Amino acid sequence: MTYSRIIGTGSYLPERLLTNADFEKLIDTTDQWIVERTGIKVRHIAAENELTSDLAVAAARRALEAANVVPANIDLVIVGTTTPDRVFPSTACIVQAKLGIANACPAFDVQAVCSGFVYALATANNFIKAGQARTALVIGAETLSRITDYSDRGNCMLWGDGAGAVVLTASEEPGIISTHIHADGRYQELLYVDGGPSMGNTEKPAMRMQGNPVFKMAVNTLDAIVDETLAANGMEKADIDWLVPHQANIRIIQATGKKLGLPAERVVITVDQHGNTSAASIPLALDTAVRDGRIKRGQTLLMEAFGGGFTWGSALVKF
Ligand code: UT7
């Protein structure tokens, strides 16, 4: 049986920081409220000339280096993003060109908002298992600051910019054990961007969210996806070494950690330093914990995400 294995991780964060003190000057809020309700202390913001593809390329280069793979050996590029450089071509095509991958391999974006990385990973995994790709570059990259309304106190303090990437390759050893992805478009009015090419308002579209109902749905849905993932593999909570969650809100992450019975030190948390970077948050968290030595080869990781759409999903991975 062919599996796909993660053989390298990388990430990139823009230099500029936006702290809670900065938000105290922008909106009616306090550092204490933001930390207590979200866990966020600081987020990174892309420079004016930095595009999502630039963040993606920087993260990808680090993942390729860690995997010891040259760009020419990549035969599939997938970018999870909700903030593409342009409507088209896809950010994945732009990344392919910037990395000098000139082998005409398929390159496309996956739009599943905060679940974008899990969706992209699931897609690449299926390409590899089907024998249609051998070594894939899977990236989550966002410049959410470009679609944030910094006068909307209900959500503007949440979002950050960044990118994370993994190199996946075909292997006889697991690898990605299973992926589970879902969507329910009936909830789109709770979390959306208020414009786009077809609807108009393309000047400055921004994210709109009814935070509290989204929060409740996220907790319940992630609870269910944990059960679904474990049941699909005949596994117990105790088989999970690390939870590598989407970083939306510390309270959502803690609820899933509790559901899994995992001690806090087995949950990778970056939301305090990165904010919510949507499709970038899981690969950013993964790379952080791989590079600081917490996540080790052979360990079992559960990745999960919930976001606009609604979309949600998980990936169970033997690292
Ligand atoms: O990644 C994609 C999915 N996204 C998420 O999962 C995000 C889900 N939502 C959340 O993280 C939370 O709902 C928020 C952090 C956005 C809001 O936290 P909450 O605990 O749900 O707050 P709330 O909206 O119920 O508001 C509670 C109070 C209200 O005041 P009153 O009515 O109790 O007097 C708000 O006006 O907090 C107030 N509030 C604020 N206070 C200070 C709302 N925003 C702020 C703010 N600073 N920025």
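This section describes the ligand site and selected backbone features of a predicted model.

H6 supplies the largest share, four residues. The shell holds nine nonpolar, nine polar and four charged residues. Of the 22 residues around the ligand, the nearest are Thr29, Arg37, Asn212, Asn249 and Asn276.

In the side chain of asparagine 249, an N or O atom lies 2.7 Å from an oxygen atom of the ligand. Histidine 246 places a polar side-chain atom 2.9 Å from a ligand oxygen. Glycine 211 contributes through its backbone, where an N or O atom is 3.1 Å from an oxygen atom of the ligand. On its own, the ligand has 950 Å² of accessible area, and the protein covers 72% of it.

Proline 245 belongs to strand E11 (residues 242–245). Its relative accessibility is 0%, so proline 245 counts as buried. The C-alpha atoms of proline 245 and valine 267 are 7.8 Å apart, although the two residues are separated by 22 residues in sequence. Serine 171 is part of strand E7 (residues 161–171). Serine 171 is also classed as buried, because its relative accessible area of 13% falls under the 20% cut-off. The serine 171 side chain comes within reach of the backbone nitrogen of glutamate 173, at 2.9 Å.

Most peptide bonds are trans, and most residues other than glycine have a negative phi. The model contains exceptions to both patterns. A cis bond links phenylalanine 88 to proline 89, with omega about 0 degrees. Proline 89 lies in the loop between strand E4 (76–80) and helix H4 (91–98). Another cis bond links glycine 309 to phenylalanine 310, with omega about -10 degrees. Phenylalanine 310 is in the loop that runs between E12 and strand E13 (311–318).

Positive phi values occur at asparagine 68, at about 60 degrees, and at valine 113, near 50 degrees. Asparagine 68 sits in the loop between helix H3 (52–67) and E4. Its relative accessible area is 72%, so asparagine 68 is exposed. Valine 113 sits in the loop between strand E5 (107–110) and helix H5 (116–129). At 21% relative accessibility, valine 113 is therefore partly exposed.

Terms used:
Residues numbered from 1 in each chain as written. Predicted model: local features only at pLDDT ≥ 70, side-chain atom pairs only at ≥ 80, totals over all residues. Heavy atoms only, no water. Near = heavy atom within 4 Å. Polar contact = N/O pair within 3.5 Å; in protein donor to acceptor, adjacent residues only side chain to side chain. Areas by Shrake-Rupley, 256 points an atom, 1.4 Å probe, with all protein chains shown as cover. Helix = DSSP H or I, 4+ residues; strand = E, 2+ residues; numbered from the N terminus. Nonpolar A, V, L, I, M, F, W, Y, C, P; charged D, E, K, R; others polar. Buried < 20%, exposed > 50% of the residue type's maximum accessible area, 1.4 Å probe, protein only.
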